[in-house]
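Have a look at it before reading on.

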Amino acid sequence: MAMDYADVSKKIVAAVGGADNISSATHCMTRLRLVLKDQGRADDSRVENIKGVKSVIKQGGQYQVVIGNEVSNLFKEFSRLGNFTDGGGEAPKAEGPAIQRLFGFVAGCLTPMLPAMLGTGMLKVVLTLLTTLQVVSATDATYQIFYSIADGFFYFLPVFLGWSIAKKVNGSAPMYMAVGALLCYPDIVGLMGGTLESATEYGEFLGMGCTYLFGVIPVIETTYTSSVVPMLLMAPVMKWAEDFADRVSPNVLKAFLKPLLFFLICTPVVMVVLGPIGGVIGNVMATAFNAMYGAVPWLTVGVLSALMPFIVMTGMHYALIPLFMNNIATLGYDVVVLVTMFCSNICQGGAAFGVAAKTKDVETRSEGIACGISAAVAGVTEPALYGINLRYMKPMIGAVTGAGIAGLLAGIMGVKGYTMGGSPSFLSLITFIGGDSPYHSVIWGAVCGVLGLAISFAVSFVLFQDPQKQAAGTPDAAAEPAGVQAGTGETIAAPLTGEVKPLSEVADDAFSSGALGQGLAFVPAQGKVYAPADGEITTFFPTGHAIGLQSDGGAEILIHVGMDTVKLDGKGFTPKAAQGSRVRKGDLLLEFDMDLIQKEGYSMITPMIITNSDEFANVVPVNAKALQTGDTAIRIYR
C-alpha cells in the first residue's frame, strides 16, 4: 500500500513535539533530518511506531527519521506543516563524543550538495560511456559543453562548500562562498602552481615551493580546486570572523566594514595556514590509503565492505565523501566509498531477498522483496537495513558475510570506481568504467555483486526463522510476564539521559531494598529532568531535588536527583515546573548543576521509583545499560 505522506508527516510532527519544536528540516536520500529545539520533547518510540518510519537516529545535533527512498515525496508534505527552514537557524549544541560531533558536522555540510554531486557525477559517467563507445569525440563542442557542467561542479567545489557551510552554521553564504572562490580563482591557481608569469616572488619553505604574502610570509604552493578539507577546516574560523566583525563594527559602518574585516581575517588564514594544512592532510590521506590499498587490497576492501552497514547506521557514510573526493582528485579512482558501498548495498538487498524467500508471512515477504530491490538495484539500503536485516538480526549476518567476501574478490581483482553516479548498486556499475582497461572494473564489479548477492541470500535463507506471532495489539507481548493479560498497563519513559543502574546499587536502603517501590536508577549524563509520562505533578520539593508525579495511567512516580541532595537546600537546582501543574511526556521539569553538586561531595545517582508498585500485577524495568530521554524505562502491567 502506498504511503500516505500527509498522514505520516502529521504523525511525525506531533511525535517530535509539534511544529514549534522544529528549528529546521531538510532531507537526504533516505532520511528526514530535523534540528529540534528540545530533543527531550520527542517521543522516539512513538516516532518509530509510525508506519513508514524505519528508525530514529540522533547524531551530530540532528534528529534523523529514517524513511527510505520515499523521503523526498514525504518532505513535500512535511514542509507544508510548518514554517521550517532548510538548515539555517540556531541549532542546539550537539552532544555526544567529539568524533561523533565532528563527523556529524561534516555530514551536515556535505549532504545538501548530494543532488548536484550525484547529477554531475552521473553526467560524467554518460559522457565517459559515449566516448568509450566512440559515439562522440572528446573534442566535439557538444561534449565540451556538457563536460563543463559535469566537471565544473567538482572544480569549484570549495565555492559550493562555502554555501553549504554557511547554511550549517547560519552564516553569510556570499561571504563564505567568496573564500571558496579565492581558492579556485585562475590567478591563484597559477600562483599556487608556480606558473603565474607576473609573480616573481617564488622560493622554498620546509622543502616545498612557495610564494610570499607581504613579501615575507610564505604561502606554500598547492592546489585547492576540487578540494573539501581546506574549507571544512576554515568553517570555525569563518564563523568566528563573521561574529567578531559583526560585534566590533558600528551599525552605521557595518554594511561594508563587517565583510571587509571578515575577508582581511580569512584570506591570510586560509592561504597561509589552513589551506596548506588541508592540502597536506589530503596528501597524507591519499598516501596512506594508496599504501594500504597497494599492500593488501583484498583485505582493505573486504573489511571496509563488511563494516559499511554499521557506518551507515551512524549516518557517517556521508562523512567519507571528503576521502572519496580526495581519492578521485589525487589518484583518479576510489574504492573506499564506491566499491565498498557497492558490495555492502547489494548484500543488504540479498539478505532481504533471503528473508522474503523463506518467510511464510505474506506481509514480510512483500517487505523483503521491496527492500531487496531498493538496496540492490537503487542503492537505498535503510529499508532493508532497518526494516528487515536488523529487525530479525540473523539476516544481518548474511549481509555482512556476503559483503566481506564480495569485497575480498573486488580487492583482489582491482575493481575501482572512477566517478560518483548515484548510490552504489547494480544501476551504478557504469561508474566503474575508466582506467587503462575501461571495462575491467565493470565486468569484475558485476561478478562481485552477483557473488555477494548469492552468498548473502543463502546465509540469510538458512539462518532466518519466522518469529512467533505476538499477541494482537502488544508490540512487546513476548517480553511480558506470565499471567499478565497482553495489552494492559503503561510504559514510563526515562526522565533523563544516562547510564542505567539497578536499585540495588543505590547507596540508600530506602531505595535499594525496594521499600519505596520498584524502579531503576540513572547516572545522569546531563543536568535536565523531563516528564516520564503525561500526568500531574503531585509533589515538587522546595529544594528542587525530588519530584512526585501521578501519570494518567495511575502510576505514582518519584524522581530523586542525587543522594542526600536535600542538604543543598536548593543550591544547584532550577525548577522548570510547579506542584499541581499538568505535564506531558517530555516536558522539561528541572535543571540541575551536575558539576556543583558533585563538587559539594554528593552522589549523582538518580532513582526513579513507582511508589504504588503494589497496586499493579508487575513493574518491570527495562534491561538496558543506558537510556536516552524519552526511551522506555519501565513497563507496568495491571
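Here are some questions and answers about the terms used for this model.

This is a predicted model, where local features need pLDDT of at least 70 and side-chain atom pairs count only at pLDDT 80 or more, while totals for chains, interfaces and linings use all residues. Residues are numbered from 1 along each chain as its sequence is written, and side-chain values use heavy atoms, with hydrogens and water left out.

Q: How do you know what the mean confidence of the chain is?
A: Look at pLDDT, the predictor's confidence in each residue, from 0 to 100. The chain's mean is 82, and 88% of its residues reach 70 or more.

Q: Over residues 87-92, what is the pLDDT?
A: It's below 50 there, and the stretch has 12 contacts in the model beyond near neighbours in sequence (contact means heavy atoms within 4.5 Å). Where pLDDT is low, the predicted coordinates should not be read in detail.

Q: What makes strand β4 largely enclosed by the rest of the structure?
A: Buried means under 20% relative accessible area, exposed over 50%, partly exposed in between (1.4 Å probe, protein chains only). Five of the five residues of β4 (residues 62-66) are buried, so the strand is largely enclosed.

Q: Why do we say that strand β2 and β4 pair?
A: Two strands pair if DSSP finds at least two bridges between them. Strand β2 (residues 31-36) and β4 have four bridges, in the antiparallel sense, so they pair. In β4, Val65 is the bridge partner of Leu32.

Terms used
Helices (H or I, at least four residues) and strands (E, at least two) are DSSP runs, numbered from the N terminus.
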